[in-house]
Structure formats: structure tokens, C-alpha cells
Amino acid sequence: MMNLSELNQQIIACRRCTRLVSHRERVAREKRRAYREETYWGRPVPSCGDPAARVLLVGLAPGGHGSNRTGRMFTGDGSAEFLTPALFRAGFANQPTSVHAADGLRLDDLYITAVVHCAPPGNRPLPQEIIRCHPYFLAHLANMPRMQVIVALGQIAFQGVVHALRAQGHDLPAPMPRFAHGGETSVSGLTLLASYHPSRQNTQTGRLTSAMLDAVFQRARQLLG
Ligand code: SF4
């Protein structure tokens with residue numbers, strides 16, 4: 001079995017997507033005014049969390065000034081501000097904040113990855129970039145034998161997970177259910193749960209509320225038994 005930290009080292013060194021390499025490095029050089037004194041990470045963001053986790057949380061891609069700055073998934077931006085308290089309330093995190101990589105956050109029984117590990121322009125990876133990053137997602141799954149529940153955040157992450165699992169020969173229902181918040185699908189002994197992404201665009205408009213996100217993590221807990 002591959003060591004997850006070796007897998008993450010491979011991810012950090014990856015330069016397969018030239019468009020994303022140039023974008024993540026340019027954002028890291030130019031910075032946002034509020035963070036101009038900081039050194040941005042500017043590389044692929046590795047997955048993080050509890051290596052023995054039974055829940056895999058799958059985001060879309062690093063935010064340019066969020067994890068592309070801090071170097072840790074869902075750290076230091078609006079999505080982290082909304083997601084981390086929900087993880088804390090559900091007992092998957094030891095604290096309700098995720099602001100920088102050395103802030104003491106510990107995840108319990110949960111591991112975080114994304115369908116794309118590099119910050120994309122406009123937060124929109126291209127389909128071929130998602131496909132290029134699939135092997136990393138699948139390698140995580142293959143090396144986490146206790147995994148029981150996958151929570152996909154947002155439609156693109158959901159579809160990315162479905163495509164990766166299908167490409168790997170996993171048994172998926174046909175036709176595949178459409179993405180819907182709270183949707184639930186059984187896949188080769190795993191349960192795939194879908195949630196709206198906790199981006200500001202969704203949380204500030206009320207499309208995703210704390211109660212809606214809590215319900216997804218409560219369901220994950222229920223499935224773990
Ligand atoms: S998105 Fe994935 S495949 Fe593309 S450069 Fe980043 S880590 Fe590599």
C-alpha cells in the first residue's frame with residue numbers, strides 16, 4: 001500500500017497542467033493586497049486529514065488566495081469559514097476555524113481532497129484538467145481501505161468523482177442520478193453524498209445554509225453507524 005504522504009509529495013511536485021501551473025504561480029507572485037506580506041504556497045495543494053478516515057470530503061479546486069496561499073485544503077478563505085464550523089459541529093474537526101496551515105486544526109475520521117489540486121482561473125478547471133488529476137483521486141481511494149462515505153462538494157466535484165470511479169470500473173447505477181444537494185448513491189460498497197459547495201456564492205445567497213450542510217454531515221455520521 002502506498003504511503004499517503006508519498007502520494008501527497010508526488011502531487012506537490014506535479015506540473016502536468018501547463019495552464020494551471022502558470023495560473024497558480026502568477027497568483028502567488030501577484031498576490032492580493034491584504035496578503036502582500038505573505039509567501040504564497042503557489043503549488044499543487046496536497047490532500048490532508050486523518051489517514052485512517054472513513055469519510056472522504058472532495059472539493060473542487062484550491063482557491064487562488066485560499067489554499068493556493070496557505071498550502072492546506074479549505075484554509076484561509078470564505079469556503080473554509082463556512083465549512084470548518086460544520087466539520088467541528090459534526091465532530092470531524094477539533095476546532096471551528098481553518099485559517100493557516102499551522103493553526104492546530106486536526107481532522108478526525110475525515111480526509112480532504114479535491115478533484116483538481118491546482119488553483120484554476122475563475123475557479124473553473126477544464127474537463128481535461130479534471131481528468132488529468134483523476135489518478136491522484138483514485139490513488140487516495142485505493143490507499144484508504146477504511147473509506148465508507150464520499151462527500152462531494154458541488155456539481156463539478158460530484159461529476160469528477162463519478163467519472164473517476166466509472167473509469168476505474170466501479171459499479172455505478174445507470175443512469176447515474178443527477179447532482180442534488182443531499183443526494184445519495186451507492187457505489188461499490190461506498191456511499192456517495194452530494195452537497196452544494198460552501199463557496200461564498202452559495203452561502204451568501206442562502207443557497208447553502210448551515211443547517212443544510214449539517215444535514216449532510218449528520219447523514220455521513222449515520223452511515224458510519
Ligand atoms: S491539477 Fe492535478 S494533474 Fe494538473 S498540474 Fe495540478 S496536480 Fe497536476
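This is a predicted model: local features need pLDDT of at least 70, side-chain atom pairs count only at pLDDT 80 or more; totals for chains, interfaces and linings use all residues.
Helix 4 itself spans residues 78-89. Nine of its 12 residues are buried, so by the cut-off of under 20% relative accessible area the helix is mostly covered. The buried residues are G78, S79, A80, F82, L83, T84, P85, A86 and L87. From its first C-alpha to its last, helix 4 reaches 18 Å, close to the 16 Å expected at 1.5 Å a residue. Just after helix 4, G91 has a positive phi of about 85°.

The ligand takes up the space of the largest cavity. Around the ligand are C14, R16, C17, L20, P44, V116, H117, C118, R132, C133 and Y136. Helix 5 (residues 127-142) supplies the largest share of this shell, three residues. The table divides the shell by residue class.

| Class of shell residue | Number of residues |
|---|---|
| Nonpolar | eight residues |
| Polar | one residue |

N8 lies in helix 1 (residues 4-12). Is N8 buried or exposed? N8 counts as buried because its relative accessible area is 8%, and the cut-off for buried is under 20%. Apart from neighbours within four places in sequence, N8 is in contact with P46, S47, Y111 and H140.

How values were computed: Residues are numbered from 1 along each chain as its sequence is written. Side-chain values use heavy atoms; hydrogens and water are left out. A residue is near a molecule or strand if one of its heavy atoms lies within 4 Å of it. On a 1 Å grid over the protein atoms alone, a cavity is a set of points where a 1.4 Å probe fits but cannot get out, and a pocket is an open set with protein on both sides within 12 Å along at least five of seven lines; lining residues have an atom within 4 Å of a point. A molecule sits in a cavity or pocket if more than half of its atoms lie within 2 Å of its grid points. Helices (H or I, at least four residues) and strands (E, at least two) are DSSP runs, numbered from the N terminus. Ala, Val, Leu, Ile, Met, Phe, Trp, Tyr, Cys and Pro count as nonpolar, Asp, Glu, Lys and Arg as charged, and the others, Gly among them, as polar. The expected span of a helix is 1.5 Å times one less than its number of residues. Buried means under 20% relative accessible area, exposed over 50%, partly exposed in between (1.4 Å probe, protein chains only). Contact means heavy atoms within 4.5 Å.
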